[in-house]
Amino acid sequence: MALMPARSSRRSRSSSRWWFLGLAIVGLLVGAAMLAPMVLMNWVRGYLRQESFRAKLESMVGAKLAGTVQLAPLRWTGDEVTTRTASLQTAQGWQAEMTGLHVGLDWSAFRQRQWRLLQVGADSLDITRQPPLDAADAGPVGGLEPQAGSASSSSVPGWLRRWLPDRFIVEGARVDAFSLTHPGPWRLAGAKVRVSPWQQGDASAQLTVQGGVLETPVQLPTLLHPIKLNLDSATLRLSRDDLRLSTARLTWAQGGEVSASGHLRPGERRLELNTTLVGIPLKELLSPDWKLRLTGDIEGDLRIQAQGPAQPEVTGQVRLKNAVLTALPVLNQLATFTRVERFKRLVLDIAQAQVSGSGQRRRFEKIVVQSAGLMRLEGDLTVQASRLDGRFFVGVTPEALRWIPGAEQHVFTANRPGAPAGMVWTPLRITGTVDAPEEDLSTRLISGAGKALLNAPADLAGKTGETLLKPLLGEDLAKKPGEVLKGATEAVTQPGEALKKAGDAAEKGLDLLKGIGGGLLGK
C-alpha cells in the first residue's frame, strides 16, 4: 500500500510536464503569429531595396499597362523612395516621361495588410499620344487596378505569403509640371495636376488641373498661329475606359472665357466636347484692317465630336454682342444713297447663326443680322474650301429706299410671311470665292432704277435723273439718263446683254461687297 502514493506522484509530475509543454507550444505559436508581420515587414523592407525589386516593378507595371516601363535606380531615404527618371511606352501609342518621382510608404498600415502610399509626386510628367503602327496589335487599355502583393509574392517564403498586404491606398498625388500631347495636335503644357485619394476597388480617380496653356489645331484664316487658350482650372475623372471632363475654365489671350465639358474614350478613339464662349473679343479673330471696322464680342455654344483620325465635326450657335460696323466705304455710300446717316455707324442689335463644319466645309444656317429700324438680313451660307454659296433675304425700311429710284417698286418686292413688320424684302445670292465674292443685288438695283426712269415723263427723267442716279450709278452715268433708259429696256428684252453692260456700273458695289465678305470671312 505504500507504493501507491509514489506512483500517483510520478503521474502528477508527468501531467505537469505535458501541461507546461503545451503552454509553451501555444505561446510559441502565438508569438510566431505576432512576430510574423514584423518579420515579413523587415523582409519586405530589405527586398524593396534590392535591384531585383526594381526589375520586378518594371515588369509588373509594364504588363499591367500593356507596355514597357523603365526606371532609373531607386534611392531610399528612410521610408521614402525616389528615382530620377521613369518612362512608359504602350502598344496603344502612349509615351510617358517622368522626372523626380518620389513615393513614401506608411509601414504602420503594413500591419493592417495595406500598401499605403504617401506624398506621391513628380517634378514633371510629359505624356504623348502617337497612333499605333497597327491598331490590331494595340491590345487592351490598362486600368486602375494594381495587383496588390504580386510584386514580391513569388519571392516571399510560403509561410509568410499570406501575411502580405492585399489592398492599395494612395493618399493623393501631385505633378508640378504636366504636359499632354494628343494627335491633332492638341497640347496642354505647364499645368499642375493633383490626384485625389484613391484606393483599390474604386472605379475611377478624380484629377484637378490648374494653370498651363492649351494649344489647339484650330487656326482661323485671320490668325498667324493656331488658337491658344490659358487654362485656369479643370476637374476630370479618370476610369478604365473613359476620361471625363467634368468642368474646365479657360481664358482667351486678351479676354473672354471658354468653359468646357465632355469626355475622351481612348479605346474607341472618340472625343466629345461641349464648349460655351463668353465675351471673346472680335479683334482677336479679325484681320488688322477689320479690327477698326467691326467691334464687339462673340458668344455661343459649340459641340465638338471626333472619331479616330477623321477631322473633328463642330456644331452649335454663335452670336455677336455689342457689334458695331463703322468706317466702311460701303456704309458711307449707303448713307449717301439713302440719306440715312445711321448707315455710317451700323449698330447690330442681332447677329447670330447656327454653325456646323468639318474639314474644309463650313455651314452657316439661320443667319440673322439686324440693325433695328433700318435693315435685316436672313439666310444660309455654305463655304466649301473657298467657294461660297449663300441664299439670303434682305429687308430694309421703306424710308431707306426713298432716294433709290425703282428699288421699292421693282427690287424689294418679295413676300415674306412672318417677317418683322415695317420692312420690304428682296432675295440676295452670294457666290464666288472668299477672295472674290459675287452678289446679284447691284445689277437688279441698276435695272430697277432704269425701269423707274423708263416709266417717268421724259422731262422729269431728264431733270431728276442725275439727282436720283448719281449715288447709285456714279456721276458719269447719272448724267446720261437716256442710257439708263436704254439699259432698262435691254434688261427686259435682252437680259444677258444688259447684265454685261451693267457690269462696269456694278463693279464698285462688288468691290465694296468683296471688302465686307473678305473681312467677315477672314481674308
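**Close-up views of a predicted model**

The side chain of H102 comes to 3.2 Å from the backbone oxygen of Q119, a polar contact (a pair of N or O atoms within 3.5 Å; within protein, one must be able to donate a hydrogen and the other to accept it, and residues adjacent in sequence count only if both atoms are side-chain atoms). This is a predicted model, in which local features need pLDDT of at least 70 and side-chain atom pairs count only at pLDDT 80 or more, while totals for chains, interfaces and linings use all residues. Residues are numbered from 1 along each chain as its sequence is written, and side-chain values use heavy atoms, with hydrogens and water left out.

View 1. H102 is part of strand 4 (residues 94–105); helices (H or I, at least four residues) and strands (E, at least two) are DSSP runs numbered from the N terminus. H102 counts as buried because its relative accessibility is 15%, where buried means under 20% relative accessible area, exposed over 50% and partly exposed in between (1.4 Å probe, protein chains only). Not counting residues up to four places away in sequence, H102 touches E80, V81, T82, Q119, V120, G121, A122 and R174. Contact means heavy atoms within 4.5 Å.

**View 2. T85 in strand 3.** T85 lies in strand 3, which covers residues 80–90. With 29% relative accessibility, T85 is partly exposed. The C-alpha atoms of T85 and M98 are 5.6 Å apart, and the two residues are separated by 13 positions in sequence. With neighbours within four places in sequence left aside, the contacts of T85 are Q70, L71, A72, M98 and T99.

View 3. Helix 2 (residues 51–64) has 14 residues and spans 20 Å from its first C-alpha to its last, close to the 20 Å expected at 1.5 Å a residue; the expected span is 1.5 Å times one less than the number of residues. Its buried residues are F53, R54, E58 and G62. Seen down the axis of helix 2, these buried residues fall within an arc of 160°, so they line one face of the helix; the arc is that of the directions from the helix axis to the C-beta atoms. E51, R54 and E58 are linked in a network of salt bridges, each a side-chain nitrogen of Lys or Arg within 4 Å of a carboxyl oxygen of Asp or Glu. A66, with a positive phi near 55°, follows helix 2.

View 4. E257 and R249 meet through their side chains at 3.1 Å, N to O; E257 is partly exposed at 29% relative accessibility, and R249 is partly exposed at 36%. The side chains of R270 and E272 form a salt bridge at 2.4 Å, N to O. R270 is partly exposed, with a relative accessible area of 21%, whereas E272 is buried at 16%. In the pair E365 and R363, the closest N and O atoms are 3.6 Å apart. E365 is partly exposed at 31%, and R363 is partly exposed at 22%.

**View 5. The protein chain as context.** The protein chain contains twelve helices and 24 strands. Of its 523 residues, 37% are buried.
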